Amino acid sequence: DQLAAALRPQNLTPLFRQEEGRQVVYIVPGRPAPKASNPVVNLVLGILTFFSVVLTGALFGLTEELPPDIGQAIWMLLDRGWPFAISMLAILSAHEFGHYLAGRHHGVHVTLPYFIPMPFSAFGTMGAFINMKEPPKNRRHLLDIGIAGPLSGLVVAIPVLFIGLALSE
């Protein structure tokens, strides 16, 4: 961190590697200038994904025909689909925010999660991703960012599993 701060005014970037058991520092010209992302895109995709997952959960949980009134039909779909949507999106959000928070902790510029809606699929979503706007300083930081997502998702998935088993018939 001190070397990176010292090289910043000279517009140089240090890259730290371990080669053949030795620590190596490559100094490369230029500094990646991350562009600001638009959080409105993240919000719109998140809302669309929520409704897509609710619809998928409703279609799995529907046992009777939809009423002819559109308002009642929408209410029935929301009523049947929200448990699936909340559990699925809680796990997915925890996973992605695990990556996001680990990236922020290590000083890497990362975007908020981009959720990808996919209605009429098995899960109602294709998942989500975050974009790293600059490379991490070293492999340890990359590993921390990479492992934080699955661990965070697991912390949420286990209680969701036990709640689902307790509520199942």
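**Close-ups of a predicted model**

**View 1. Threonine 56, a buried residue in helix α2.** With a relative accessibility of 3%, threonine 56 counts as buried (buried is under 20% relative accessible area, exposed is over 50%, and partly exposed is in between, using a 1.4 Å probe and protein chains only). Threonine 56 is found in α2; helices here are DSSP runs of H or I with at least four residues, strands are runs of E with at least two, and both are numbered from the N terminus. Leaving out residues up to four places away in sequence, threonine 56 touches Phe84, Phe120, Ser121, Ala122, Phe123 and Gly124, where contact means heavy atoms within 4.5 Å. This is a predicted model, in which local features need pLDDT of at least 70 and side-chain atom pairs count only at pLDDT 80 or more, while totals for chains, interfaces and linings use all residues. Residues are numbered from 1 along each chain as its sequence is written, and side-chain values use heavy atoms, with hydrogens and water left out.

**View 2. Threonine 49, also in α2.** Helix α2 covers residues 39-61, and threonine 49 is buried, at 0% relative accessibility. What does threonine 49 contact, leaving aside neighbours within four places in sequence? Its partners are Leu89, Phe115, Ile116, Pro117, Gly124 and Thr125.

**View 3. Where α2 meets α3.** The two axes come within 6 Å and cross at roughly 115°; axes are lines fitted to C-alpha atoms, for helices over the stretch in contact, and angles run from 0 to 180 degrees between N-to-C directions. Residues making the contact include Thr49, Phe50 and Phe51 of α2, and Trp82, Phe84 and Leu89 of α3. By class, the contact of α2 with α3 divides into 14 nonpolar, five polar and one charged residues. Here Ala, Val, Leu, Ile, Met, Phe, Trp, Tyr, Cys and Pro count as nonpolar, Asp, Glu, Lys and Arg as charged, and the others, Gly among them, as polar.

**View 4. The bend in α3 and what follows the helix.** At glycine 81, α3 bends by about 45°, the bend being the angle between axes fitted to the seven residues ending there and the seven starting there. A proline, proline 83, follows within four residues. After α3 comes glycine 107, with a positive phi near 80°.

**View 5. Helices α3 and α4 side by side.** The axes of α3 (residues 70-105) and α4 (residues 139-167) come within 7 Å and cross at roughly 150°. That makes α3 and α4 roughly antiparallel (over 145 degrees; under 35 is roughly parallel, 65 to 115 roughly perpendicular and the rest oblique). Among the residues in contact are Ala90, Ala94 and Gly98 of α3, along with Gly149, Gly153 and Val156 of α4. Sorted by class, the contact of α3 with α4 has ten nonpolar, nine polar and one charged residues.

View 6. Is glutamate 20 buried or exposed? Glutamate 20 is exposed, at 81% relative accessible area, and phenylalanine 120 is exposed at 68%.
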